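This report describes the architecture and selected local features of one protein chain. The sequence and the three-dimensional structure are shown first, and the description follows.

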Amino acid sequence: MMRRFFIVFLSVIVSLWFLTPVFFIVLASLTPSSDYYDPHRIFPSSLTLDHLYKLFVTLGGGKATLTSIQVALVSIGISFLLGLPAGYALTRYVFPGKNAIRLFMLMTRSIPLIVVAVPLVVLYMRLNLADTTLGVALAHASMILPFVVLITSSVFSGISVEYEEAGMVFGLSRFQAFLRITLPLALPGLAASAIFAFIMSWNEVFASSILTLTNRTLPAHILNTAMASPDYFKFAAGTIMAIPAMVFIFFIRKYLVSMWGITLK
């Protein structure tokens, strides 16, 4: 009984630790400006959607949100198109330098984007990719790809190769065995890696800031507009940033839990 009480109590404390800042961010975004700057008020006397409306409609936050979603989905598609075969090869095949390749992929993330910002912009202008959704998605995919490869490799390593061998005994090719046997078993882990890729793309701000002027993602748009606005607009921007990612994670949260069981085997 005491153990159960302690677990519940600890769970409540941890939940409050993470949810309290989110609650106050949302509350501040709904607080009228007169109540926000009133030092004698902790909670507002009324709530308003005016700040969210102005940021989302008047200041173009709605368009930037759609751009962020498009960029995230395209970058996930590109990174999975390249990362799935690479992760599978790192798991199922033995070849010289395999561990070095994994290390090299992680080392690419140690280079700050600002170091390659100028040549990247010049390259994008020559390829007519500057200020395009595809250009930002390619930049995000290059950041996401190393993690997708390593995560999918870990997921595939948790699935026994004997399942594929049994399928090939009954006449399947290796590719067919991968599609019909391995891929469905790996789906929870792959969905979890998609969560990770989505969050990385959604929160990334620098690439869109330097590569676009009109087709900016939501973080870059907020950096350019809301940061020079009053504080309640900043909290409204934080709310707009947080809600889509939280909704996305809520609907596929079970796959995230499943991934932990697969990769720890």
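## Overall composition

In this predicted model, 37% of the 265 residues in the protein are buried. The accessible surface comes to about 15700 Å², and carbon and sulfur atoms supply 73% of that area. Along the principal axes, the C-alpha atoms fill a box of roughly 75 × 70 × 30 Å.

The secondary structure consists of 13 helices and zero strands. Read along the sequence, the pattern is therefore α-α-α-α-α-α-α-α-α-α-α-α-α. Among contacts with a sequence separation of 6 or more, 72% are between residues 24 or more positions apart.

Helix 1 comprises residues 2-29, and Ile7 lies within it. Ile7 also belongs to a nonpolar surface patch of about 800 Å².

Is Ile7 buried, partly exposed or exposed? Its relative accessibility is 44%, so Ile7 counts as partly exposed. The class follows because partly exposed residues fall between the 20% limit for buried and the 50% limit for exposed.

## The bend in helix 9

Helix 9 covers residues 174-203, and its end C-alpha atoms are 37 Å apart. A straight helix of 30 residues would span 44 Å at 1.5 Å a residue. The helix bends by about 55 degrees at Leu187. A proline, Pro188, follows within four residues of that position.

Ser201 is also part of helix 9. With a relative accessibility of 3%, Ser201 counts as buried. Leaving out residues up to four places away in sequence, Ser201 touches Val71, Ala72, Ser75, His140 and Ile144.

Side chains of opposite charge can pair when their charged atoms come close. By the distance rule applied here, the model has two salt bridges. Arg92 and Glu164 form one of them, with the closest N and O atoms 3.2 Å apart. Arg92 lies in helix 4 (residues 61-92) and Glu164 in helix 8 (residues 161-169), so this pair ties together parts that are 72 residues apart in sequence.

Glu164 also meets Arg174 in a salt bridge, at 3.6 Å from N to O. Here Glu164 of helix 8 is paired with Arg174 of helix 9, and the two residues are 10 residues apart. Arg92, Glu164 and Arg174 are thus linked in a network of salt bridges.

Arg174, at 34%, counts as partly exposed.

Asn128 has a phi near 60 degrees, a positive value in a residue other than glycine. Asp131 likewise is not a glycine, and its phi is positive at about 60 degrees.

Asp131 is partly exposed, with a relative accessible area of 23%.

## Surroundings of Tyr37

Tyr37 is placed in the loop between helix 2 (33-36) and helix 3 (50-58). When neighbours within four places in sequence are set aside, Tyr37 is in contact with Pro230, Asp231 and Tyr232. The C-alpha atoms of Tyr37 and Val136 are separated by 38 Å, and these two residues are 99 residues apart along the chain.

Note on methods: Residues numbered from 1 in each chain as written. Predicted model: local features only at pLDDT ≥ 70, side-chain atom pairs only at ≥ 80, totals over all residues. Heavy atoms only, no water. Patch = residues over 30% accessible without salt bridge, like charges linked within 9 Å, V, L, I, M, F, W, Y side chains within 5 Å. Areas by Shrake-Rupley, 256 points an atom, 1.4 Å probe, with all protein chains shown as cover. Salt bridge = Lys/Arg side-chain N within 4 Å of Asp/Glu carboxyl O. Buried < 20%, exposed > 50% of the residue type's maximum accessible area, 1.4 Å probe, protein only. Expected span 1.5 Å × (residues − 1). Bend = angle between axes of the 7 residues up to and from the residue. Contact = heavy atoms within 4.5 Å.
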